[in-house]
Amino acid sequence: MAYDQNLEARIRMILENETGVVEKKMFGGVGFLVNGNMACGVHGNDLIARVGLENHAASVAKPHVKEFDMTGHPMAGWVQVSPAGITRDEDLFEWVRKGMYYAKTLPAK
């Protein structure tokens, strides 16, 4: 499955000064991990972000956002943002930061 490499590059630019970030090819796309925990990534043309259970309901209530579901079972605490929701760099930055913030609260792997 191909994925949006332009979106990958945009995320990489946002994270270029972050420490502990590793980029990893996974699920037919790419994921960005901090301290071993996935924060966000690209799946197809969409952004996926790990927002945590406490932010899940508010996040999926936003336009262009839905639960992340790759297998028929939604992943709790994860959202999928369509291209329309991340056209502006400010919007992409917000979602990437949410993912990074949550991932940093988890124990390092």
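User: What makes up the charge count of the protein chain, and how far apart are the mean positions of its positive and negative charges?
Analyst: There are 12 positive and 13 negative charges, and their mean positions are 4 Å apart. Lys and Arg count as positive, Asp and Glu as negative, while His and the chain ends are not counted. Each charge is placed at NZ of Lys, CZ of Arg, CG of Asp or CD of Glu. This is a predicted model, in which local features need pLDDT of at least 70 and side-chain atom pairs pLDDT 80 or more, whereas totals for chains, interfaces and linings use all residues. Residues are numbered from 1 along each chain as its sequence is written, and side-chain values use heavy atoms, leaving out hydrogens and water.

User: What makes up the secondary structure of the protein chain?
Analyst: Three helices and six strands. From the N terminus, the order is α-β-β-β-β-α-β-β-α. Helices are DSSP runs of H or I with at least four residues, and strands are runs of E with at least two.

User: Why is the protein chain called as compact as a globular protein of its length?
Analyst: Its radius of gyration is 13 Å, close to the 13 Å from the globule rule for 109 residues, so the description holds. The radius is taken over C-alpha atoms, and the rule is 2.2 Å times the number of residues to the power 0.38. Along its principal axes, the C-alpha trace spans about 30 × 30 × 25 Å.

User: What makes a nonpolar core, and which residues have the most contacts inside the largest one?
Analyst: A core is a set of buried Ala, Val, Leu, Ile, Met, Phe, Trp, Tyr and Cys residues joined through side-chain atoms within 4.5 Å. The largest has 23 residues, and I11, L15, L47, L92, W95 and V96 have the most contacts inside it. Helix α3 gives the most to this core, with five residues. Apart from it lies another core of five residues, among them M38, I48, F68 and W78.

User: Which residues does I11 touch beyond four places in sequence?
Analyst: I11 touches F32, C40, G41, V42, L47, L92 and V96. Contact means heavy atoms within 4.5 Å.

Note on methods: Buried < 20%, exposed > 50% of the residue type's maximum accessible area, 1.4 Å probe, protein only.
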